[in-house]
Amino acid sequence: MKKKKQCDVESDVSLYVTETGGSSIVRFKSLFTIDSKYLLCPCGNVVKVYSTNTGECCQKLVGHTDTVTMVAHHPSNKLQAITSSTDATIKLWDYEDGVALSSLGFNTPLYGVYTLPQSPTTAFVVQRTDKQNELCRFKLEFGKPKVDDVEVVANTMDKLTDKTIAFSKGYFVVAQPKSFLVFCKPDKVKWKNRVRHDLNPKEPAIRCIACHPKLEQCVTGHENGELRFWYNLSDSENATFNVQHWHSLPALSLSYTSSGSSVISGGHEGVMVQWTSDGKQFLPRLGSAIQQLTTSNDNQLYATSHNDNSICIITSYMTVRTTIEGFTATGQSLPCGLNYDPKTQSCVTNGKAGHLLFYYPDNDEQLYNLDIVSRNYISPVDLEKSLPHTKITKVGFVVTANNEHLMATAEYDKENMTDQKLKMWKFDESYKEWCLITVISSPHDNRNITSLTFHPTNALCVTTAEDGYAKTWILDDNEGWCCESTTSYRSYASSDSSFSQDGSVLALAFGHTVSLIDPLLLDDLSLLVSATTNIKQIEFGQDSNCHLLVVATENSLQSWSVITSSMIWLIDTSGFDFLVKDPFSDNMAFIDTRHTVHVFQPSEEKPLFTQNVKMEVLAACFVQGGNDEITWCAKSQLYMISNQMTVHKFATKEQSKVVSNRALPVATDTLKTPIASLLSTNKEAVDDITMPGVPIRNRTLQEAVQVVLETKSHVLPPIPKICQQFVAALLLDGTNINEESEDTTAMEVCTTEPSTLNVKPVKTGLKRNDPDPDVDDFDWLTESFANLK
Amino acid sequence: SSRYKSTEAVPIATAARKHTQDYNYWRSLQFPIIVKEYGAVTNVEFQPTEPHHFAVTASSRVELYSKESNEVVKTFSRFHNTAYGASFRSDGKLLVAGNEDTQVRLFDVQGRVPLRIFKGHSRPVHVTKFCNNKQQLFSASDDKTVRVWDISTEQTLNEFCGHEDYVRCGCISTASENTIVTGAYDHTVRMFDTRSNANTITINHGCPVESVLLFPSGSIILSAGGHSIKVWDALQGGKLLTTVSNHHKTITCMTFNHDCTRLLSGSLDRHVKIYDVTNYKVVHNIDYAGSILSMAVSPNDETLVVGMADKMLSIRHRKQCNKEEMKEENLHLSKRKQKSMMRGRNFVPNKDDIVVQHHQKQHLAKYDQYFRKFEHSKALDAALVAHVSTNSPEITVAVLQELIRRDTIRASLSGRTGNKLVVLLKFLCRNISNVSFAPTLLKVCELLLDSCLETIENVPVEVSHLFKRLQNIMHSESLLQVEMTKLLGSMDLILSSSIKN
C-alpha cells in the first residue's frame, strides 16, 4: 500500500502564479493631485488613483516593472504626475486617463523623485548604492530613452527617504540622525554650498523633517517624540529652534499645511496632532500607527497612512471624511487562515488588529472589516516590547438548512494565555449586519483552539483544542449557544475536526488517532488508528469521495475509507504546511514546507497538479468562479496569500498578462445628478441620493432630458461633448418601452417638483393610455419645447 | 472609526439549567396558599363540572372549597367518625364518602343531610366511587370486600371477596361500565367484572398498593405502592410494562393532568413528581413541606391541590396572565410616558433637505473616561467604588483585565495606601473564590503582594488583617480544590467501571 511519492509527475508547466492584489498602499508616501480630487498611492508595481470624495479606486497606473517608490507632480502640467521606481526609470503619467506618456531611464534603482514648480526643467532623484545614498539632480526632459547627466548634489551614509528630504520654495533640506543640511537655490546648488546644523550627540536623533512652503523655517521630528521648530536656517551660526513635545514615542511623520499656518504630526500613538501658533488639536484613535502624512494643495485635506494598510482622508475640521483601505491583512501571520464565506462568496481572514477582513480576491476588493474583539488600539509604552494583542485564531461559517447565516469566531491572547473567547454571530438580514448572539469565555480552559468546524446544515459547531477536548455547541433558540457534549480520548491533544458532507459523521483527531462519532446522537462509531506521528489536519472528501477521509500528518498524507475503516493510499511528503478542501469539487490542495502546491483527489494518490510556487504561502482557499483553461479549477479558483501579504492565483501565460494589464473602468466620483447620468455611458436610471428614511426614487432618462432642457445653457457642459449622447438618449430604446408603470411614477414625481424656470409641469396623463410607443415618446418632448418658448 | 470602545464586562455565567417546556409549564404555578385542616388530608377531588369546587376529606368532615376564593363554601359534617374518600358523580351533583363507622353516605352537593346511607360493610370504608352509569356506586372496605350499591334502593348488587387484606384504593374504568379495579394491602391489584361477579385479573404489585389508576382507554393499569409505580397491560392479562421508582418513600397518590399526557405522583418523601407518560421519565419535580397523602389537578391544570399528613392543604394556581401580555402593557405605559420624548422622531425630511446628523456625545462610564485619558490608577479607583464593586464585580474584574492588557497594572496597583488598599483587598477577599474571576484576580493578588512586599511590616493593622484573611481564604480554597479533585477521581472510577459493565 505504501508507495513513494513521485515528485516529477507531469504538471501543467504552462501555469504561472500571478499576483492579483494585496500590496501595501502605505509603504511609500501618497500624493494629492493639485485639484485635491484624487490621491495617488504607490502600491507595488502600480500607482492607484483614489477619489478623495468616495475613497474608491478610480484608476490604476500600470507600466512599471518593479516597485513604484514615489509620485511627484509634474512641475508645469497639473494633470500629469511623475513616478520613480526601482526598475530604474521615471515615468510621466496622465493620471485621469491612466496612460503612461513617457519614460526616462537611469542606471540604478530610484527611491524618490522631486520636482520644482519654480524651475520646471530641474528635478531630483534618490539613488541607492551599496554604501551611499545619493540625491541627484538631472535635467527633466522626456522624449529621450535615457537621462544624459546626473549630478550628485548630496550623499549620505544614512538612508534617504521621503521623510528625510523636504523641498520648499528656494531651498531644500536633507536630514541625518544627528544633523540636517540646508541647500539654497536648488537649481544651481553644489555640494559645497550647504549649511549644516548639527545636534549635540546626546540629543535625540532626527526621524523626519518638513519645510515651511514659503518661509525659511523647518520642523524636525525626533526619536523621543519632540518636535523642533527651526528658524533662520541659512545662517549656520544663529539658527534658533523651539521645542514642542507631545508624542511619547518617536514622531514618524510631519507635514506643513500648504499655507504654512500649521504643522501636522503623527506617530505610533495613532493620533494626528495639528500644531498651530495658538496650540494643538488632536484627532485620536485613528486605528494604528501613522506612517505617512500628506497635505493637499488647497489646505482642505490631509491624508494619514497607517500601519494597517489604510489611508484616512481627513478634512481641515479634523473629521475623517473617508477611509481608503488596501488589503488590510497585517502582521506577519494569519492565525485564522483564509476562509470561504459561502453567503457573500468572499474570503475571510484576519484584517486590522482584532478585525475580520471580508475580501473579494477576484477583483481585489474589500467588503468590510468586522470588529470582533472590540478593543481600543493602545500604542505600546515601549516599542521593543510590543503589547500582545488578542487575535482571532479561528473562524467558521455556515448557512443552515433554514437559511440562517451563522459565524463563529475564536479569539485568544497567545502570549499571555488569556482572554480566550468563542463568539457566535448571526447575520441579521433586516439590518444587514452581524449580531453577536453568544460569548463563551474560556471555552477550552485558555488552551489553544486548534479547529472550529460547523455542521454542514445544522446550527451545530465543534471546537477542538490542545487541552484534549472536543466540544460540540448547539444553538438553543431561547438561550443562545451552549455546550452539548465534551469528547476526549486518552488525554491526547485534539488537533482537528471534520464533518462528512451530509453531516452524519464527525471525525475528530486526537493525537495520532481519528475518532468517528455521530454528531447528533454522540455515539462512538469507530476509531481509526492511523499514524505514528501526530495528525495535523483531517478533511472529509466530497461528492463521489464523500466516504474518504484525508489525514495529514507531519510527514505523510493518507486517505482512509470510513466505510471499511481501511487505508486507501499513503504517500510520504516533505513536511506539512496545510491542507485545503475545495467546497465546489472533489479536489483538495496540499501545500508542503517546500512551498509546493499539490492538487489531488482523495481517491487517487497521483496528484492532478504539482507546482512549486516559490514563495511562502501563509493561507489559501478555493473561491467560486473557475478558470476554464485549467482543468482542475474549472469550478473554483485557488487563491493564496504570501508572507508579503499579496494575493496570488494560478493562471495560464496569456491570462497572467491580461490580469496584470487590467485597468479598472473610471468610476465617477461626482454626485449622481441627471446631467451626470446623461453624460455617463450607462443610460440606466440614476439612483437618487439616498438619505436615511427617504424612499429611493428612480429618475428616468426622460426626466434627465427634461432637466437638461430646463437648465440654463451656461451651466451645461459644452454642446459638442453632450450632443451625441443627448441625441442618442432621445432615440427609442426597445427595452425601456415595456417599463411603462415605472415611467408613470417617475413622471408623476416630476410634475410635483418645483421648477426654477417657471416651466409648467408636463402633462403626462394623456400619453399613458396611448398604446403606440413611437408617438408616446415624442409627445412629451414637443410639449416641453413648446413650454420653453 | 475613532469612536472609543468601552470596556466590556462579561456577565457572570449562571449554572446552565435546561428550561424545558415542562419546566416552564409547571413553574408557572404560583406560590402555594396553605390552609390548616382539622386532620390529615386523606383525599382531594375536583368537581368534574362547573364551578369546579374541590372536596377535601379531612378528619370527620368533607369540605367543599371554591377554586376562585380558596375558601370553604360548604361543609358536610354529618359523620360520626373520620370520613374517607369523598368523590363526585360525573355530573357533579352528588357526592359520596366513606366513614370509619362502616357506613357509606351519599349527599346532594346542594344539601346538607345524607340522602342515602349504605350499610353492609363490617369495617371502615376508605374508598367510595360512582360507577359510570350514574345509578350505582362502589365502595371498598377494610373488611377485604368491595361492594357495588344501587343508589335508588340502597341495596348491595355485587360483593367481591377476592382481597385478603384492607382494600385502600380503587377506580372505575371510563371505557367500560362494568369494570372496577382495586388495590389492597395484600400487594395485589384486582380487576372485577360486575356482570359475572368475577375477579378477572389479579396482579401482584409486590408492596401494599396505595393507589391505582386506569388510562381512559381502560387497558393500561397504573399501580403505586412502596417506592415504585408499576405499569400493567390489562389486555395482555396483566403483563408488567415498566416500573418507575423515583421516590424514596411510599408513594401515596397518583393523578393524571387534564389531558392524560402527564402523570403526577405524590409521596411521603414530600415530593410531587411529574412524568411523561410516553416514556415515564421525570420531567419536573415540585417540593412540599409535609408528607403528601392526596393530590388533585383541576381541569386545564389551572390548580394543583395537595393534602398533607401534617393537616395542611396546599393550593397552587397557575399565573393568570402570561408574561408577554404583561410586557406589552408595560410598553404601552412607557410609550405614553415617553410621548413627549418621541416628538419629531418620525419626521421625514423633504427631498431637497440636507440632513445633518446630530452629533451625539458618547456616554461613557467613569472608568472608561479615565481609560480614555490614560489615567489608569484613577480608572481602577472608579471601578472600586462601592456600588460598582459590590453590585457588579464583573465590571471591576473587566477593568483589572484591561489594565493587565495595557500592561499598566503594576503602576496602578503600586502606591496604594490606606483606604484605597483596603477597598482593593476587600474586593479581592470577596471575589477571589469565584471561578470566573479567579484567573484575573490571582494575577492581581500576585502583583499586589509584590508591590507591598517592602512595606508589609509597617502597614496599618486593618490592612495586615485583610492580608491574613486573604491568606485564609486562599488556604481553604486550596483545601477545597484538593477535596474536589479527590471526589472527581473517585467519580471517574465509578463512571468508567459502569461504562465497562
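## Hairpin of β36 and β37 in chain A

In this predicted model, M417(A) takes a positive phi near 55° in the hairpin of β36(A) and β37(A). The hairpin has 4 residues between the strands. Strand β36 covers residues 405-413 of chain A and pairs with β37(A) in the antiparallel sense, over 7 bridges. Within this pairing, A408(A) has M424(A) of β37(A) as its bridge partner.

β37(A) and β38(A) form a hairpin, with 4 residues between them. In the turn, K432(A) has a positive phi of about 55°.

Strand β37 itself runs over residues 418-428 of chain A. Of its 11 residues, 9 are buried, so the strand is largely enclosed by the rest of the structure.

## Chain B overall

Chain B has 501 residues, of which 47% count as buried. Its secondary structure comes to 10 helices and 28 strands. When contacts in chain B between residues at least 6 apart in sequence are considered, 45% of them join residues at least 24 apart. The chain exposes about 27000 Å², and carbon and sulfur atoms supply 51% of that area.

## Helix α9 of chain B

Helix α9 of chain B spans residues 438-452, which makes 15 residues. From its first C-alpha to its last it reaches 20 Å, close to the 21 Å expected at 1.5 Å a residue.

The buried residues in α9(B) are A438(B), T440(B), L441(B), V444(B), C445(B), L447(B), L448(B) and C452(B). An α-helix has 3.6 residues a turn, so residues three or four places apart point the same way. Among the buried positions in α9(B) are L441(B), V444(B), L448(B) and C452(B).

L480(B), M484(B), L487(B) and M491(B) make a nonpolar surface patch of about 390 Å². One of these residues, M484(B), lies in helix α10 of chain B, which covers residues 461-500.

M484(B) has a relative accessibility of 47% and therefore counts as partly exposed.

Definitions and conventions: Residues are numbered from 1 along each chain as its sequence is written. Chains are lettered from A and ligands numbered from 1 in the order in which they are written. This is a predicted model: local features need pLDDT of at least 70, side-chain atom pairs count only at pLDDT 80 or more; totals for chains, interfaces and linings use all residues. Side-chain values use heavy atoms; hydrogens and water are left out. Helices (H or I, at least four residues) and strands (E, at least two) are DSSP runs, numbered from the N terminus. The expected span of a helix is 1.5 Å times one less than its number of residues. Buried means under 20% relative accessible area, exposed over 50%, partly exposed in between (1.4 Å probe, protein chains only). Two strands pair if DSSP finds at least two bridges between them. Patches are made of residues with over 30% relative accessible area and no salt bridge: like charges are joined within 9 Å, nonpolar side chains (Val, Leu, Ile, Met, Phe, Trp, Tyr) within 5 Å. Accessible areas come from the Shrake-Rupley method with a 1.4 Å probe; for residues, only the protein chains shown count as cover. A salt bridge is a side-chain nitrogen of Lys or Arg within 4 Å of a carboxyl oxygen of Asp or Glu. Contact means heavy atoms within 4.5 Å.
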